[in-house]
Amino acid sequence: MILMEDIIREGHPTLRTRAQEIPFPLTEEDQKLASDMLEYLINSQNPEIAQKYGLRSGIGLAANQVNSLKRMFALHLENDNGELLSFVAINPKIVSHSVEKTYIPTGEGCLSVDRQVPGYVPRYARITAKFFTIDGEEKKLRLKGLPAIAFQHELDHLNGIMFYDHINKENPFAPVPNSLPLDGE
Ligand code: ZN
């Protein structure tokens with residue numbers, strides 16, 4: 001299983017390297033990586049397991065963060081309707097997005113960043129995403145709210161981008177043009 005010591009932290013070059021497309025069918029190694037990443041998120045959100053293994057809670061994990069340059073990430077979170085979104089996205093893309101932006105008023109966090117980085121991280125409020133499942137099935141999803149933000153955060157990892165790259169350097173809390181803050185945060 002993936003533990004905190006397996007997650008690389010900011011400063012590691014793999015977090016700044018573009019991950020590579022994954023060919024299908026997946027190798028056994030790639031399948032294991034996918035299931036291990038999703039399992040980490042599920043375990044990390046279970047208070048007993050998280051405490052037992054010292055896991056920091058997360059809703060998303062990209063392969064770069066476990067030092068693998070494969071274009072895949074896992075997400076495990078609820079959408080605004082309380083429906084569970086739990087999947088591994090292989091070779092993910094954003095195919096279209098809203099003009100409107102959003103941001104989490106308290107800022108974003110990352111399992112690879114052991115500090116609070118204050119500031120607004122502008123994200124598209126709504127996205128249409130495409131990706132492949134571990135079985136090679138193509139999926140198209142429309143996302144908004146926290147799932148849309150998490151998808152963009154994880155896709156950035158696959159491109160070597162950290163969330164704080166998007167924070168306004170002069171004024172981290174400068175108003176984000178054409179945006180609404182994420183509700184309920
Ligand atoms: Zn992250």
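A salt bridge here is a side-chain nitrogen of Lys or Arg within 4 Å of a carboxyl oxygen of Asp or Glu. The model is predicted: local features need pLDDT of at least 70, side-chain atom pairs count only at pLDDT 80 or more, and totals for chains, interfaces and linings use all residues. Residues are numbered from 1 along each chain as its sequence is written, and side-chain values use heavy atoms, with hydrogens and water left out.

Select Arg 9 and Asp 114. Their side chains form a salt bridge, 2.7 Å from N to O. Arg 9 lies in the segment before helix 1 and Asp 114 in the loop between strand 4 (101-103) and strand 5 (123-124), so the bridge ties together parts 105 residues apart in sequence. (Helices, H or I of at least four residues, and strands, E of at least two, are DSSP runs numbered from the N terminus.) Asp 114 is exposed at 53% relative accessibility; Arg 9, at 26%, is partly exposed. Exposed means over 50% relative accessible area, buried under 20%, and partly exposed in between (1.4 Å probe, protein chains only).

Next, select Glu 108, Arg 123 and Asp 156, which are linked in a network of salt bridges. Glu 108 meets Arg 123 at 2.9 Å, N to O. Arg 123 also meets Asp 156, at 2.8 Å, N to O. Arg 123 is in strand 5 and Asp 156 in helix 3 (residues 145-158), so this pair joins parts 33 residues apart in sequence. Buried or exposed, at 3% relative accessibility, is Arg 123? Arg 123 is buried, as are Glu 108 at 9% and Asp 156 at 12%.

Finish at helix 1, residues 28-44. Its buried residues include Leu 33, Met 37 and Tyr 40.

Conventions
The expected span of a helix is 1.5 Å times one less than its number of residues.
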